[in-house]
Amino acid sequence: MSRQIPFKLVLLGESAVGKSSLVLRFVKDQFDDYRESTIGAAFLTQTVPLDENTTIKFEIWDTAGQERYKSLAPMYYRNANCAVVVYDITQTASLEKARTWIRELQRQADPSIIIALCGNKTDLSIRRQVTQEEAKKYAEEEGLMWAETSAKTGEGVNEIFTAIARKLPLDAPPRAGAARAGGAKGVDLNRQSASTPNEACNC
């Protein structure tokens, strides 16, 4: 008998790093060059089939990046099963902001939350300020998943959400605080070309 399991996912990151564009690409496979800033948060859903019997349903909260909305963020990441913290590879400051969000999640979110660090805008790699090595090293140190994406071209977008889906504890009730396994290491989601989808999320 097939089953669909809901999990709450929240997107965090500075304004204009492409959070909403990332979600739009994942949910509708669309990109809008002139997308307006999110006010408060937007809610979307999308499913990811794991096998013929199991489908993950992501309940996605896309939060606003502007500082004036920061106080609202705990409403959205509270009880979240997973978080995607987005930075812009062409803006060093956006990675620093991502580090701030990750520290906040580590302090205040559910201890079992799965956190993925996502460097967006790889289509603008000619303007890159954040190296893959720097971001990857930070993700490994903090036990995060890591990937780079382009919401504009779609590169890496489905892969990061699928890898998160494969890490979720399917035997535990959604939003129940299952203890995180100790000693988790970061996962380089960009190293998928030589691996199967199942291997991409071994952590």
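This is a predicted model: local features need pLDDT of at least 70, side-chain atom pairs count only at pLDDT 80 or more; totals for chains, interfaces and linings use all residues.
Student: How should I read a nonpolar core, and which residues touch the most other members here?

Tutor: Start with the general idea: in soluble globular proteins, nonpolar side chains tend to be buried together. In this model, the largest nonpolar core has 31 residues, and L9, I56, F58, V84 and I164 touch the most other members.

Student: Which elements give two or more residues to this core?

Tutor: They are the strands β1 (3-13), β2 (41-49), β3 (54-63), β4 (82-88), β5 (114-120) and β6 (145-148), together with the helices α1 (19-28) and α5 (157-167). Helix α5 gives the largest share, six residues.

Student: What is V84 in contact with, leaving aside its neighbours within four places in sequence?

Tutor: Its partners are L9, V10, L11, L12, A116, C118, I160, F161 and I164. There is also a second, separate core of 25 residues, with Y76, V85, L117 and Y138 among them.

Student: And salt bridges? How many are there?

Tutor: The count is six. When you read one, look at the atom distance and at where the partners lie. R99 and E134 pair with their closest N and O atoms 3.7 Å apart. R99 sits in helix α3 (residues 92-108) and E134 in helix α4 (residues 132-142), so this bridge ties together parts 35 residues apart in sequence.

Terms used
Residues are numbered from 1 along each chain as its sequence is written. Side-chain values use heavy atoms; hydrogens and water are left out. A nonpolar core is a set of buried Ala, Val, Leu, Ile, Met, Phe, Trp, Tyr and Cys residues joined through side-chain atoms within 4.5 Å. Buried means under 20% relative accessible area, exposed over 50%, partly exposed in between (1.4 Å probe, protein chains only). Helices (H or I, at least four residues) and strands (E, at least two) are DSSP runs, numbered from the N terminus. Contact means heavy atoms within 4.5 Å. A salt bridge is a side-chain nitrogen of Lys or Arg within 4 Å of a carboxyl oxygen of Asp or Glu.
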